[in-house]
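This briefing is intended for reading beside the sequence and the coordinates. Please keep both in view while going through the points.

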Amino acid sequence: MPLSPLKIKTNVVKRISKEHAGYLKEAETQQKRIDKLIAEGADEADVRKQAS
C-alpha cells in the first residue's frame, strides 16, 4: 500500500529539520574553532582559511 502524500511530506519536513539542526551545530563548532585560532594569535591567513 503506497504512503499517503501527507505522510511523505511530513517525513520530508522531519528530515529537513534534522539537517538544519546539524548545519547549525556544525556552524557553531566552526565558529568556536575560529575564535580559538584568534585567541591563540594565529596567522590571519589561517583564520580566513578556516572561515571559508
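The model is predicted: local features need pLDDT of at least 70, side-chain atom pairs count only at pLDDT 80 or more, and totals for chains, interfaces and linings use all residues. Residues are numbered from 1 along each chain as its sequence is written, and side-chain values use heavy atoms, with hydrogens and water left out. The protein chain has two helices and zero strands; helices (H or I, at least four residues) and strands (E, at least two) are DSSP runs, numbered from the N terminus.

**Overall form**

- The protein chain has a radius of gyration of 19 Å, whereas a compact globule of 52 residues would have one near 10 Å. The radius is taken over C-alpha atoms, and the globule rule is 2.2 Å times the number of residues to the power 0.38.
- Along the principal axes, the C-alpha atoms of the protein chain fill a box of roughly 60 × 15 × 10 Å.
- Of the 52 residues in the protein chain, 6% are buried. Buried means under 20% relative accessible area, exposed means over 50%, and partly exposed lies in between (1.4 Å probe, protein chains only).
- Accessible areas come from the Shrake-Rupley method with a 1.4 Å probe; for residues, only the protein chains shown count as cover.

- Helix H1 covers residues 5-39. With 35 residues, H1 reaches 51 Å from its first C-alpha to its last, close to the 51 Å expected at 1.5 Å a residue. The expected span is 1.5 Å times one less than the number of residues.
- Within H1, Val-13 is exposed at 55% relative accessibility.
- Just after H1, Gly-41 takes a positive phi of about 75 degrees.
- Ile-34 also belongs to H1. Ile-34 is classed as buried because its relative accessible area is 10%.
- Leaving aside neighbours within four places in sequence, Ile-34 is in contact with Val-47, Gln-50 and Ala-51, where contact means heavy atoms within 4.5 Å.
- Ile-34 and Lys-49 are 15 residues apart in sequence, and their C-alpha atoms are 9.6 Å apart in space.

**Salt bridges**

- The structure holds three salt bridges. A salt bridge is a side-chain nitrogen of Lys or Arg within 4 Å of a carboxyl oxygen of Asp or Glu.
- Side chains of opposite charge can pair when their charged atoms come close.
- Glu-19 and Arg-15 are joined by a salt bridge at 3.5 Å, N to O. Both residues lie in H1, four residues apart, about one turn of the helix. Glu-19 is partly exposed at 35% relative accessibility, and Arg-15 is partly exposed at 43%.
- An α-helix has 3.6 residues a turn, so residues three or four places apart point the same way.
- Glu-28 and Lys-32 form a salt bridge at 3.5 Å, N to O. This pair is also in H1, four residues apart, about one turn of the helix. Glu-28 is partly exposed at 46% relative accessibility, while Lys-32 is exposed at 53%.
- Glu-44 and Arg-48 meet in a salt bridge at 3.7 Å, N to O. Both lie in helix H2 (residues 44-51), four residues apart, about one turn of the helix. Glu-44 is exposed, with a relative accessible area of 55%, and Arg-48 is exposed at 54%.

**Nonpolar surface patch**

- Leu-3, Ile-8, Val-12 and Ile-16 form a nonpolar patch on the surface, and together they have about 330 Å² of accessible area. Patches are made of residues with over 30% relative accessible area and no salt bridge: like charges are joined within 9 Å, and nonpolar side chains (Val, Leu, Ile, Met, Phe, Trp, Tyr) within 5 Å.
- Val-12, a patch member, is found in H1. Val-12 is classed as partly exposed because its relative accessible area is 31%.
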